[in-house]
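Subject: Structure handover

Hello,

Here is the structure for you to look through. My notes on it follow below.

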There are 2 protein chains.
Amino acid sequence: MVKKAVVLLSGGLDSATTLYVALERGYNVLCLLFDYGQRHRKELLKAKQIAKDAGCEYKMIRFGLPWGGSSLVDKKIKIPEKRGLKEISKKIPSTYVPARNTIFVAFAVSCAEAIGAKAIFIGANAVDFSGYPDCRPEYYRVYNELIRKGTKRKDIKIVAPLIRKSKAEIIKIGKKLGVPYHKTWSCYKGGKKPCRVCDSCAIRARGFKEAEEEDYLID
Amino acid sequence: MVKKAVVLLSGGLDSATTLYVALERGYNVLCLLFDYGQRHRKELLKAKQIAKDAGCEYKMIRFGLPWGGSSLVDKKIKIPEKRGLKEISKKIPSTYVPARNTIFVAFAVSCAEAIGAKAIFIGANAVDFSGYPDCRPEYYRVYNELIRKGTKRKDIKIVAPLIRKSKAEIIKIGKKLGVPYHKTWSCYKGGKKPCRVCDSCAIRARGFKEAEEEDYLID
């Protein structure tokens, strides 16, 4: 029997690795992409390419968040720059989008219920994260309970295979699986080239350094 | 201090009553409307009018659910008709939209967190419902826990004031509060006039009958 899964694919390093983990586990994958007015919409082009390369179908969901509240969707708020990794993890930064993962996973639950998928894969990561509350294991534990209570089917589960991994560990896993990291996009700014000063660029750089791998991007 | 609330407003009877309950409790209300490709998009015109009449700001969120899975968004699936009230409550009907309330509330959480609202009002109702799993008290209990785990703020709560009321009780509450029921829309079909044969029309008709109130609509 075909095992179906929904994979949340942002076009970044973590979600691309998660996609490859799901494929390795034998799932037939539908990728979900979200266009929510993010500054770095460029990641969506990358996500499409990554899905196609992996031979997966994808669906794009579009919506706006007209209340802003994050530097990732509101250009009037500055993206934090040049922060050390200790500083990054100290408090929730302005790049946090209120309840973003709650929205993403809600769409994935709807999709999984409709297409008969039993797993929702998400690249959430609680180690090298920027203090986002919706990236922690206990959050997904409760979300799984919510799915059991709120859907017709009781057999859909969120799987977050990278949640307790460091960025370097993630990269090592992905390298073994053949993840095309040169096609992923992490920079919050979405310029022509990665800015190398935002938190996401900083975390990525340290990850590659610690994994002793080279990070090159093809635009 | 101003108490802010987000109210999920569909344009139907329950959500309109919920809006008036929130206002009576002294909240400064922002209404959230959802255009998700529902057949009865007409309800949105009603919702806008209801929000304006009540002097409330509203925001419209637009998205598609490209996986269908419900007669409410997929015109190829027939809306159930002429079912007795016993039959309606027996099993989850095709009008159930997978994880719809999970998505709606997720947007409301994002909005509440961004604007500093402490309450999310929803007109969910577990008595005269059509067996939808996302209308039950235990579902909202878990969702409240999810909000505590997944947001920066810990003080946002879902309030479902009608969850244990019958349709007749809801109408009696609303009548006292001055809810303009003649401007609400319940029919799943969204035609010029209510069809009077879908589950939603049937439940509404019995509610007005039991409440001993007259139901008239102004188009």
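Start with chain B. Its strand S1 (residues 3-8) and strand S2 (residues 27-35) pair in the parallel sense, over six bridges. Two strands count as paired if DSSP finds at least two bridges between them. Strands (E, at least two residues) and helices (H or I, at least four) are DSSP runs, numbered from the N terminus. Across from Ala5(B) in this pair you will find Val29(B) of S2(B). To get from S1(B) to S2(B), the chain passes through helix H1 (residues 13-24) of chain B, a right-handed β-α-β crossover. Right-handed means that, with the strands pointing away from the viewer, the path from the first strand over the helix to the second runs clockwise.

S1(B) also runs parallel to strand S4 (residues 119-121) of chain B, joined by three bridges. There, Val6(B) has Ile120(B) as its bridge partner.

A word on the basis. This is a predicted model: local features need pLDDT of at least 70, side-chain atom pairs count only at pLDDT 80 or more, and totals for chains, interfaces and linings use all residues. Residues are numbered from 1 along each chain as its sequence is written, while chains are lettered from A and ligands numbered from 1 in the order in which they are written.

Now the two chains together. A rotation of 180 degrees, with 0.0 Å of shift along its axis, superposes chain B on chain A (RMSD 0.0 Å). Which residue of chain B comes closest to the rotation axis? Phe63(B) does, at 2.7 Å (C-alpha).

The contact takes 36 residues from chain A and 36 residues from chain B. Residues are in contact if their C-beta atoms, placed from the backbone, lie within 7 Å. On the side of chain B that touches chain A, H4(B) gives the largest share, eleven residues. The copies meet through the same surface, because 100% of the interface residues of chain B are also interface residues in chain A.

Last, look at helix H4 (residues 100-115) in chains A and B. The two axes come within 8 Å and cross at roughly 175 degrees. Axes are lines fitted to C-alpha atoms, for helices over the stretch in contact, and angles run from 0 to 180 degrees between N-to-C directions. H4(A) and H4(B) are therefore roughly antiparallel (an angle over 145 degrees).

Best wishes

How values were computed
Parallel < 35°, antiparallel > 145°, perpendicular 65-115°, else oblique. Contact = placed C-beta atoms within 7 Å. Least-squares fit on C-alpha atoms with pLDDT ≥ 70 in both.
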